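Colleague: I've got the sequence and the model open side by side. Can you walk me through how the helices pack?

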Amino acid sequence: MALHDHPHRHLGFRFPSPARTSTAPASADEATAAATATRAHVFAGLRLLTGFVFLWAFLDKTFGLGYATGSGKGWIDGGSPTKGFLGSVAVGPMESTFHDWAGAAWADWLFMLGLLGIGLALIAGIGLRLAAVAGTVMMALMWVAEWPPAQHLSDGSASMSTNPFADYHLVYAVVLIALAAAGAGATWGLGRVWARLPFVSRNRWLL
């Protein structure tokens, strides 16, 4: 007669192991830390890419690198960074105003300093709040210049607008605000060092 061993079945309650209960919070903390680090790196990457957009626009318009600005037509060659864009505005409530501003020295300087300042601030990870304010104002003016709500230009031709509200200017403005709100300069940037400077500590709007 063969004998078969049967596994013993333990009935009743099992008390949790101290080792298991102690590792659960640790795992949760590690997951939270990993998510925080990932978020910080994503925002840092977005900050650098956005900064390069602004900085490259400044360099191209200044030196005529052959992209949006042709060779020999840069700012240093006597070209105007605002004349082409503002002079071609053909729709919107500020059409005539933008025509008056086109090519004006003060408009060129403000526009170019804005591009340079925003680009450098984003690349370095400092002054993101100022960059967000300046960039939002710039993007708002450019949004009005293109005036996406219009289906037709002043001469009656199609405006070719693809959306009555949301365009890339609005997206850039929201990105700038998000980067400042998230303190995106602390990762891959000088944000932490900048925040510890005495005059920045006393003036938090400089963060």
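Colleague: Is the crossing of helix 4 past helix 5 left-handed or right-handed?

Modeller: This is a predicted model, where local features need pLDDT of at least 70, side-chain atom pairs count only at pLDDT 80 or more, and totals for chains, interfaces and linings use all residues. Residues are numbered from 1 along each chain as its sequence is written, and side-chain values use heavy atoms, with hydrogens and water left out. Helices here are DSSP runs (H or I, at least four residues), numbered from the N terminus. A crossing is left-handed if the near helix is turned anticlockwise from the far one by less than a right angle, and right-handed if clockwise; for helix 4 past helix 5 the call is left-handed.

Colleague: And are those two parallel, antiparallel, perpendicular or oblique?

Modeller: The axes of helix 4 (residues 105–124) and helix 5 (residues 128–146) come within 9 Å and cross at roughly 140°. Angles under 35 degrees count as roughly parallel, over 145 as roughly antiparallel, 65 to 115 as roughly perpendicular and the rest as oblique. So the pair is oblique.

Colleague: How many charged residues are in the contact of helix 5 with helix 6?

Modeller: Contact means heavy atoms within 4.5 Å. Among the residues that meet are R129, W143 and E146 in helix 5 and Y168, H169 and L176 in helix 6. Asp, Glu, Lys and Arg count as charged. The contact has 13 nonpolar residues and 3 polar ones, and the charged ones number 2.

Colleague: Which residues touch the most other members of the largest nonpolar core?

Modeller: Such a core is a set of buried (under 20% relative accessible area) Ala, Val, Leu, Ile, Met, Phe, Trp, Tyr and Cys residues joined through side-chain atoms within 4.5 Å. The largest one has 20 residues. Helix 1 (18–63), helix 4, helix 5 and helix 6 (168–181) each give two or more residues to this core. Touching the most other members are F54, L115, I118, L122 and M138.

Colleague: What does I118 touch, leaving out residues up to four places away in sequence?

Modeller: I118 sits in helix 4 and is part of the contact with helix 5. Its partners are F54, A131, A134, G135, M138 and L176.

Definitions and conventions. Axes fitted to C-alpha atoms, helices over the stretch in contact; angles between N-to-C directions. Buried < 20%, exposed > 50% of the residue type's maximum accessible area, 1.4 Å probe, protein only.
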